[in-house]
Amino acid sequence: MIEALDVPGVSLRSDALIALRRVALAAQSAPVLAALPGGFATRRKGHGLEVADMREYVAGDDLRHLDRGTTARTGRLHVRQFQEERDRVSLLIADFRPAMFWGLRRAFRSVCVAEALSLIGWTVVESGGRVGLLAVTGADPVIVPARGRTRGMLDVIGGMVQAHQAGLAAMAVGQGADTPLDQALSRADRLVPSGAELVIASGFDTPGAGLADRLDALARRRVPHLLMVTDAQIGRMPQGRYPIRMADGRRLRVTLRGGETHEDPLRQIAGRAALVLDAGESVEQTARRIVAGRPVERAA
């Protein structure tokens with residue numbers, strides 16, 4: 001039964017997520033990348049060891065930072081400014097609860113979640129940061145501690161593949177339940193240090209009554225970013241009643257109004273702006289949407 005689900009868009013393959021490194025690197029040259037969820041400005045002034053800039057002395061500057069060469073050449077006092085040393089950490093939170101295992105076109109929403117987080121994760125490690133994983137499932141979560149370099153991203157990919165396979169297996173036998181998202185996020189603040197970014201990719205089904213409070217609590221010491229993964233095709237289906245089969249084998253009919261679209265790139269989730277991604281679009285289109293996702297920073 002599980003082998004029958006091993007098809008593109010339904011199952012998750014580690015080699016496909018590893019191959020997204022090329023797509024992420026191609027997008028990395030875009031000037032807005034540092035404003036992405038999971039992106040970081042690679043240079044920032046501070047008190048590190050590397051010289052960032054040179055400027056004229058002003059009252060109050062530390063005289064220990066005087067640059068003798070520039071001062072001698074110009075005849076005016078100049079001081080050095082240094083790069084700030086930053087520990088850049090992103091926790092990638094993948095929603096692999098049962099509600100995410102469906103899609104009408106190219107891929108399940110769960111697959112799109114993994115692709116989007118892989119694109120962001122590769123960007124983080126290539127910029128010198130560390131990535132970790134919290135994969136929310138219908139049973140126990142899968143957690144990967146934050147690590148840097150390619151090894152860290154490969155560990156995250158392995159964790160996502162493991163969690164996704166477990167989710168498919170549970171769906172095949174009609175098991176698993178949608179734990180409210182607010183409860184699933186209860187341990188997120190303990191997995192990464194203060195100042196880290198939390199990139200939450202989900203359909204936000206069954207959010208739980210306390211999701212807004214949970215996100216507010218996380219935002220006090222960390223920076224949450226929301227990616228809402230949907231399938232816009234459902235809004236373009238004609239009005240009518242459609243048969244569906246539930247995980248427990250029950251058959252129901254749902255009524256769709258028809259004519260709905262999801263053209264607005266931002267939605268409000270628990271009072272916060274979320275970047276909307278369409279699971280029916282190609283990976284390259286998803287990458288472009290993420291690169292163009294600067295409004296998430298501005299509106300969050």
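This text walks through the fold of one protein chain, from its overall make-up to single residues.

The model is predicted: local features need pLDDT of at least 70, side-chain atom pairs count only at pLDDT 80 or more, and totals for chains, interfaces and linings use all residues. Residues are numbered from 1 along each chain as its sequence is written, and side-chain values use heavy atoms, with hydrogens and water left out.

Start with the whole chain. The protein chain holds nine helices and eleven strands. Helices (H or I, at least four residues) and strands (E, at least two) are DSSP runs, numbered from the N terminus. Of the 300 residues in the protein chain, 44% are buried. Buried means under 20% relative accessible area, exposed means over 50%, and partly exposed lies in between (1.4 Å probe, protein chains only). The protein chain exposes about 15,400 Å², and carbon and sulfur atoms supply 50% of that area. Accessible areas come from the Shrake-Rupley method with a 1.4 Å probe; for residues, only the protein chains shown count as cover. A contact means heavy atoms within 4.5 Å. Among contacts in the protein chain with a separation of 6 or more, 73% join residues 24 or more positions apart.

Now turn to strand E6. E6 spans residues 197-202, and six of its six residues are buried. In a regular strand the side chains alternate between the two faces of the sheet. Both faces of E6 are covered. Glu197, Val199 and Ala201 are buried on one side, and Leu198, Ile200 and Ser202 are buried on the other.

Which strands pair with E6? One is strand E3 (residues 89-96), which runs parallel to E6 and is joined to it by five bridges. Two strands pair if DSSP finds at least two bridges between them. Leu91 has Leu198 in E6 as its bridge partner. Another is E7, which pairs with E6 in the parallel sense over six bridges. Here Val199 stands opposite His225 in E7, and Ser202 stands opposite Met228.

Strand E7 covers residues 223-230, and seven of its eight residues are buried. E7 also runs parallel to E11, with five bridges between them. Thr230 has Asp278 in E11 as its bridge partner.

E6, helix H6 (residues 211-219) and E7 make a right-handed β-α-β unit. Right-handed means that, with the strands pointing away from the viewer, the path from the first strand over the helix to the second runs clockwise. Within H6, Leu211, Leu215 and Leu218 are buried. Seen down the axis of H6, its buried residues fall within an arc of 60°, so they line one face of the helix. The arc is that of the directions from the helix axis to the C-beta atoms. An α-helix has 3.6 residues a turn, so residues three or four places apart point the same way.

Next comes helix H3, residues 109-126, which contains Ser110. Is Ser110 buried or exposed? Ser110 counts as buried, at 0% relative accessibility. Leaving aside neighbours within four places in sequence, Ser110 is in contact with Phe96, Met100, Phe101 and His164.

Rings of Phe, Tyr and Trp (its six-membered ring) pair if their centres lie within 6.5 Å; planes under 30 degrees apart count as stacked, over 60 as edge-to-face and the rest as tilted. The count by this rule is one aromatic pair. The rings of Phe101 and Phe108 have centres 6.5 Å apart and planes at 90°, so this pair is edge-to-face. Phe101 is buried at 8% relative accessible area, and Phe108 is buried at 17%.

Pro180 lies in the loop between H4 and helix H5 (181-184). Pro180 is partly exposed, with a relative accessible area of 24%. Pro180 and Pro207 are 27 residues apart along the chain, yet their C-alpha atoms are separated by 5.3 Å. Not counting residues up to four places away in sequence, Pro180 touches Arg97, Thr206, Pro207 and Gly208.

Two backbone angles close the tour. Most residues other than glycine have a negative phi. Arg149 has a positive phi, near 65°. Arg149 belongs to helix H4 (residues 149-172) and is exposed, at 70% relative accessible area. Ala270 has a positive phi of about 50°. Ala270 sits in the loop between strand E10 (266-269) and strand E11 (272-278), and is partly exposed at 31%.
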